Amino acid sequence: MKKIILLAATIAAAVPIMPLTAQDTVVVTGSRQDRSALNAYLGPSGNGSGPSAIGVTRRADYFVTPLFVSSDSRNLDERREELFTMLGETLRLADAQGIDIVAGRYGLEPVTLENMRELPLAGGNRPDTNRVQIYARIALRGSDPMVSKTAERIKAFVKAIPATGRSFIDVGNTGLAIDDPEQYRGDVVRQIAQEATSYAKAFGSDYGVSITGLHGDLYFQQSSETEVFLYIQHEFEITPK
């Protein structure tokens with residue numbers, strides 16, 4: 001008999017987990033994704049057929065809003081001093097308001113007055129402009145946390161930060177972050193095993209299932225306003241025993 005193969009497709013917008021320490025916080029995405037619109041892996045295909053995602057959905061740990069602290073003074077030394085002075089004011093006000101300021105490309109680390117000048121200085125969107133990127137991080141608390149309320153809070157927070165010279169702050173879209181995503185690998189594997197086994201049972205007791213790819217990267221992406229979907233690209237085969 002012909003073996004039956006189900007292959008997990010790739011999600012273009014998903015983010016693989018890079019090597020991290022156990023306590024790292026990881027940004028999921030900067031914008032909400034509609035799982036059904038991405039591809040067949042996350043939802044039925046256009047004709048109603050095709051595999052659905054096998055993974056785990058869980059609530060995120062934080063809202064995170066990217067902040068770009070910038071200066072467009074003509075002189076580079078002046079730009080650096082102005083934007084870092086404004087960043088220092090950002091840190092002081094954030095501490096008073098209970099907002100965490102973190103930075104990083106994959107794992108997020110706290111930004112302090114002592115280490116803020118170690119942040120990479122990038123070019124801005126205009127000539128003679130430099131900026132550093134940080135995140136305002138707020139824990140998801142309560143029964144109904146909302147992106148809109150968090151965005152309003154961050155907007156008011158940024159408005160209150162005093163500028164120095166030609167410094168300013170641009171605010172990005174609020175997204176999600178999770179602590180130590182690898183802790184959910186076991187849950188994802190168990191979900192895959194459960195669903196793969198249920199497929200095999202549908203063909204009768206004479207069929208079994210084998211799964212490959214579970215050693216691969218754990219991927220994640222935002223699936224709702226407050227939730228994260230985690231999965232592993234894998235393949236399973238249903239064959240006669």
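A: Happy to! Please keep in mind that this is a predicted model. The secondary structure of the chain comes to 4 helices and 15 strands. Of the 241 residues, 42% are buried. Among contacts between residues at least 6 apart in sequence, 78% join residues at least 24 apart. The chain exposes about 12,800 Å², with carbon and sulfur atoms supplying 49% of that area.

Now to the core itself. The largest nonpolar core has 23 residues, and Leu-87, Ile-101 and Ile-134 are those with the most contacts inside it. Two or more residues each come from β5 (62-71), α2 (76-97), β6, β9 (130-139) and α3 (147-159). Of these, α2 gives the most, with 6 residues. Apart from this core lies another, of 22 residues, including Ile-54, Val-56, Leu-176 and Ile-178.

Leaving aside neighbours within four places in sequence, Ile-101 is in contact with Thr-90, Leu-91, Ala-94, Glu-109, Pro-110, Val-111, Ile-134, Tyr-135, Ala-136 and Phe-157. Strand β6 covers residues 100-103 and pairs with β7 (residues 107-110) in the antiparallel sense, over 2 bridges. Within this pairing, Val-102 stands opposite Pro-110 in β7. The hairpin of β6 and β7 has 3 residues between the strands, and Gly-104 there takes a positive phi near 145 degrees.

Gly-104 also turns up in the lining of the largest pocket, alongside Phe-68, Ala-103, Arg-105, Leu-119, Pro-120, Leu-121, Ala-122, Arg-131, Val-132, Gln-133 and Tyr-135. About 200 Å³ of space lies in this pocket. Strand β9 provides the largest share of its lining, 4 residues.

Finally, a look at β5, the strand in which Val-64 lies. Val-64 counts as buried because its relative accessibility is 2%, where the cut-off is under 20%. Beyond its neighbours within four places in sequence, Val-64 is in contact with Val-27, Leu-108, Tyr-135, Ala-136, Arg-137, Asn-173, Thr-174, Gly-175, Leu-176 and Ala-177. As for Val-28, it is 36 residues from Val-64 in sequence, and the two are 9.3 Å apart in space, C-alpha to C-alpha.

Terms used
Residues are numbered from 1 along each chain as its sequence is written. This is a predicted model: local features need pLDDT of at least 70, side-chain atom pairs count only at pLDDT 80 or more; totals for chains, interfaces and linings use all residues. Side-chain values use heavy atoms; hydrogens and water are left out. Buried means under 20% relative accessible area, exposed over 50%, partly exposed in between (1.4 Å probe, protein chains only). Contact means heavy atoms within 4.5 Å. Accessible areas come from the Shrake-Rupley method with a 1.4 Å probe; for residues, only the protein chains shown count as cover. Two strands pair if DSSP finds at least two bridges between them. A nonpolar core is a set of buried Ala, Val, Leu, Ile, Met, Phe, Trp, Tyr and Cys residues joined through side-chain atoms within 4.5 Å. On a 1 Å grid over the protein atoms alone, a cavity is a set of points where a 1.4 Å probe fits but cannot get out, and a pocket is an open set with protein on both sides within 12 Å along at least five of seven lines; lining residues have an atom within 4 Å of a point. Grid points are joined across faces, edges and corners, and a volume is the space filled by probe spheres set on the points.
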